[in-house]
Structure formats: C-alpha cells, structure tokens
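Let's take a walk through this fold together, one region at a time.

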Amino acid sequence: MRRKLQSLVFAVLLALATAGVAAAANGGFTPVQPASSNASHTQTAYYIILAFTAAIFVLVESLLVVFIWKYRSGGRARAVEGAQVHGHTRLELIWTAIPVLILAIIAGVVFYELPNVDSAPAAADPVHITVEGHQYYWQFDYPNGARSIGKLVVPSGEVVDLKVISPDVIHSWWIPALGGKVQAIPGRVNHTWFRADKSGTFSGQCAELCGVFHASMLATVAAKPAGSYRAYITQIAPATIGQQEWTGVCATCHGNLGQGGYGPAIANNTLLTQPSALAGILRNGFTGTQGAMPPVGNTWTKGQISALIAYVKKHIYKPAPLGSSSGG
C-alpha cells in the first residue's frame, strides 16, 4: 500500500511539473504555428527530423526493455555467466546502413528547404526596415524615416526585408512565427525577410545573451492592413515616440513610473528637467555608485531625445516633497 501511495504521489508531482509545458503552444515541443512561408519551411525540416528521432528513440528503448527481460538472470547464481552472444555480420551491416540512409534523407530535406528559408520571394517593391538591437530594446527604422521602439508594424501580405544591425553588443532577432534567428552584430549588416500571411501580432525576443536585462529584451511584430500600416508610420509612431522610448527603454530598469527597479528611482530626480544633462546621459551612458547605464540613446535623433524629455516632464517627473532630497 505504501509503495502504491509513493507511486501516486510521484505521478501527481510529474503531472504538475509538466503542466506548464503541456499548456504551451504545441505542447512546448514543436515550433509555433508559422505565419510566414520561411517559417513554414523551417517547420517542415523540424518535423522530418522529429519523426526520425522519435522513431529511433522508441525502437532503442523498446529493444532495451526486451533485452533486459530476455537476458535476465532467470534464477541462476550471480557467479554464473549467462548465454554468450557473438557477432552477427548481417545485423551489423543493417544497423550501419540504416543510420547512413536516415542521415542522407535528413540532409536532403534540410538542403532542399534551406534555400526557401533564406531567399525571399520576388517582390516588386518590398518594405525595407532596419532592425537595430540595443541593450535592452529593439529599434525599428521605417522607409519614411519614422521610428518605433519594441513593436514593429508591417503590412500583412507584403514581403518585408529586414536589415539587422547593432551598435553595442551581439543580439539575435527572433520572431518564431516569422522565421529563424538572425544575429545583430556590431560592425556587420545581416539580412532576413518574412511575409506575414495574415494580420496578427507575433511575439519574440532577443535570442543571444546580451547582458543583465537580456530576458527583458522582447519584441513584437504587428501585421496590419496596408492602410493601417501607413497610418502608423505617418501619424501614430511619430506622435508616440516619446512614450515608446520611456516604456520600451527607460522603464525596463527604472520602473513604469520611475519608481526604481534594477536601476535607481528617478521620478523625483531633477535631472529629468534638465534637457542637456539628460541628453548627455542618453548618448554617452553613465557609471555611478548604483551601477552602470549603457548609452541607450547613442543613435537617437535630436527629435527623439526631445520627445522623451517632453514625455517624462509631463508624465513621470514628480517634484520631491519639501524637505527631502531629489538627487541631481
């Protein structure tokens, strides 16, 4: 009875431990549903390899159980050896040839699918967007000169060509539903592409350890109808860039209201009211007793910095109560 109870407890604990994985997309074991043809080709290669590896796993584990049962001691003394099995030439040739054949099939599938992953379909006028990785956010430059932070908006059904760069350390751009990972490397320009089959929002994150806040370097791609895309890059993105910079860059360390987090509390800091000093820190970074801040705005335009300063003055800065120190 005690053994049965232990087995039941173990089964319950195992179910609880795997519940999160089971709740994830596709049980957490396969790629997310593709929303671009290049991601579809990646998924095809994945499932071919999964099929072979799963079959091999089941075969090997089944044979292991069979052999353990067949060649068990059967009541003989420990000092007595069991029946000896000698080589079998035909069997050895078979289990050498089959893995070679499996590897050849996998290689054929991968090399057939790879060109479709890398090469964008012909498009008369693809949308060219620059993806710039920073510690710890993504910045997007659109064809008309507009910028956004954290969220990339694209027209659905159109080929989007991405130029992926970084001014600081190595990052990795990855939106699983829209294709594979592409590294953002300082001093180098990499390219990737996707074509969102339908409107929707697709999530991803930096896939290269890039510093203490790497886990917070998230990204979102919103595929919208062409009219909504044009409205975003001509009206919405320019009008909200200050808010985007605060929520996508500053709040990561300093908290949504400037209350502090990994970085110090700055809501009462008079530095937020000093445009030239704040601009200097954004462009050059800062090292102090409370830690180091990377130069998060070293590629920002004057207009971007002005937008952030206006936003924090209006929405974040709160003068310190009389008699307390506000910093500076």
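Predicted model: local features only at pLDDT ≥ 70, side-chain atom pairs only at ≥ 80, totals over all residues.

Strands E4 and E10 (residues 218-224) run parallel to each other and are paired over 5 bridges.

## The five-stranded sheet

A further open sheet has 5 strands in the order E3-E2-E1-E5-E8, and its pairing is mixed too. Here the edge strands, pairing on one side only, are E3 (147-149) and E8. Neighbouring strands are turned by 25° against each other on average, direction ignored.

E1 and E2 run antiparallel and are joined by 5 bridges, with histidine 134 having tyrosine 137 of E2 as its bridge partner. E1 (residues 127-134) pairs with E5 (residues 160-165) in the parallel sense, over 6 bridges, and histidine 128 stands opposite aspartate 161 of E5. E5 then pairs with E8 (residues 190-194) in the antiparallel sense over 5 bridges, where valine 160 stands opposite phenylalanine 194.

Is glutamine 244 buried or exposed? Its relative accessibility is 11%, and because the cut-off for buried is under 20%, glutamine 244 counts as buried.

What is glutamine 244 in contact with, leaving aside its neighbours within four places in sequence? The list is Arg147, Ser148, Ile149, Tyr232, Ala237 and Val249.

## Where H4 meets H6

H4 also packs against helix H6 (residues 302-315), with the axes 7 Å apart and at an angle of about 80°. H4 is therefore roughly perpendicular to H6. On the H4 side, the contact is made by Ile241, Gly242, Gln243, Glu245, Trp246 and Cys250. H6 brings Gln304, Ala307, Leu308, Tyr311 and Val312. By class, the residues of this contact are 7 nonpolar, 3 polar and 1 charged.

## Where H2 meets H3

Another helix pair to find is H2 (residues 37-70) with H3 (residues 89-118), whose axes come within 8 Å and cross at roughly 170°. The two helices are therefore roughly antiparallel to each other.

From H2, the residues in this contact are Asn38, His41, Thr42, Thr44, Ala45, Ile48, Ile49, Phe52 and Ile56. They meet Ile102, Ile105, Ile106, Val109, Val110, Glu113, Asn116 and Val117 of H3. Sorted by class, the contact of H2 with H3 has 11 nonpolar, 5 polar and 1 charged residues.

In soluble globular proteins, nonpolar side chains tend to be buried together. In this model the largest nonpolar core has 37 residues, and those with the most contacts inside it are Ile129, Tyr142, Leu152, Leu162 and Trp173. Two or more residues each come from E1, E2 (137-141), E4, E5, E7 (182-184), E10 and H4. Which element gives the most to this core? The answer is H4, with 5 residues.

A second, separate core has 21 residues, including Ile241, Leu272, Leu308 and Tyr311.

Not counting residues up to four places away in sequence, leucine 162 touches Ile129, Val131, Leu152, Trp173, Asn190, His191, Thr192 and Phe194.

## The chain as a whole

Zooming out, the chain has 6 helices and 12 strands. Of its 328 residues, 32% count as buried. Among contacts with a separation of 6 or more, 64% are between residues 24 or more positions apart.

Note on methods:
Residues numbered from 1 in each chain as written. Heavy atoms only, no water. Buried < 20%, exposed > 50% of the residue type's maximum accessible area, 1.4 Å probe, protein only. Contact = heavy atoms within 4.5 Å. Axes fitted to C-alpha atoms, helices over the stretch in contact; angles between N-to-C directions. Helix = DSSP H or I, 4+ residues; strand = E, 2+ residues; numbered from the N terminus. Parallel < 35°, antiparallel > 145°, perpendicular 65-115°, else oblique. Nonpolar A, V, L, I, M, F, W, Y, C, P; charged D, E, K, R; others polar. Pairing = 2+ DSSP bridges. Core = buried A, V, L, I, M, F, W, Y, C linked by side-chain atoms within 4.5 Å.
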